[in-house]
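Hi there,

I'm passing a structure on to you, and you'll find it just below.

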Amino acid sequence: MGRMSRRVTAASPCPCGLPATYAECCGRRHSGKAPAATAEALMRSRYSAFVVQDEPYLLRTWHPGTRPPHLDFDPGMRWTGLDVVDTADGSSFHTTGTVTFRARYTQDGRPGELHERSRFVRQDGAWVYVDGDFPDA
């Protein structure tokens, strides 16, 4: 698995909010043992990768046309919860999909929320994140 956060272990509840342990859920995707079958599963696993600061997984699941060269994690940022608001397409029968979500965080102890509509495409059979927009902006 990527770099594990001190607060998330294999036996911890998965940060993505599904009722499974990290090892049984997003940890399997992070380690490469299980690909994301849907755009929503990829989005949830990417959220969890931000929680555990798994840069290799985030970069590997980012479309090469929009992927940054590296990520800088803010040491004062803690992701605290995820709510999936809406999904469109993104199943095993689609080649594109969108997932709208709200991700809660604290930054230097102050609460905040990221509301994003993310776009995903299948590339070589695997879902990848392309980009997102911010419905509240």
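Let's start with a definition: helices (H or I, at least four residues) and strands (E, at least two) are DSSP runs, numbered from the N terminus. What you have is a predicted model, where local features need pLDDT of at least 70 and side-chain atom pairs count only at pLDDT 80 or more, while totals for chains, interfaces and linings use all residues. Residues are numbered from 1 along each chain as its sequence is written, and side-chain values use heavy atoms, with hydrogens and water left out.

First, the overall picture. The protein chain has 3 helices and 4 strands, in the order α-α-α-β-β-β-β along the sequence. Its radius of gyration is 14 Å, close to the 14 Å that the globule rule gives for 137 residues, so the chain is as compact as a globular protein of that length. (That radius is taken over C-alpha atoms, and the rule is 2.2 Å times the number of residues to the power 0.38.) Along the principal axes, the C-alpha atoms fill a box of roughly 40 × 35 × 30 Å.

Of the 137 residues, 39% are buried. Here buried means under 20% relative accessible area, exposed over 50%, and partly exposed in between (1.4 Å probe, protein chains only).

His115 sits in strand 3 (residues 110-123). Is His115 buried or exposed? His115 counts as buried because its relative accessible area is 11%. Its side chain makes a polar contact with the side chain of Arg102 at 3.4 Å, and another, of 2.9 Å, with the side chain of Asp136. (A polar contact is a pair of N or O atoms within 3.5 Å; within protein, one must be able to donate a hydrogen and the other to accept it, and residues adjacent in sequence count only if both atoms are side-chain atoms.) Beyond its neighbours within four places in sequence, His115 is in contact with residues including Thr100, Phe101 and Phe134, where contact means heavy atoms within 4.5 Å.

His30 belongs to helix 1 (residues 26-30) and is also buried, since its relative accessibility is 4%. A polar atom of the His30 side chain lies 3.5 Å from the backbone nitrogen of Ala49. Not counting residues up to four places away in sequence, His30 touches several others, among them Tyr22, Val52 and Tyr57.

Next, the loops. Gly32 is in the loop between helix 1 and helix 2 (39-52), and is exposed because its relative accessibility is 55%. Gly32 and Tyr57 are 25 residues apart in sequence, with 8.7 Å between their C-alpha atoms. Pro69 is in the loop between helix 3 (55-60) and strand 1 (77-89); with a relative accessible area of 77%, Pro69 is exposed.

Finally, a word on backbone angles. Most residues other than glycine have a negative phi. Which phi value does Gln53 have? It is near 55°, a positive value in a residue other than glycine. Gln53 lies in the loop between helix 2 and helix 3 and is buried, at 18% relative accessible area. Asp108 has a positive phi too, about 50°. Asp108 is in the loop between strand 2 (96-107) and strand 3, and counts as exposed at 54% relative accessibility.
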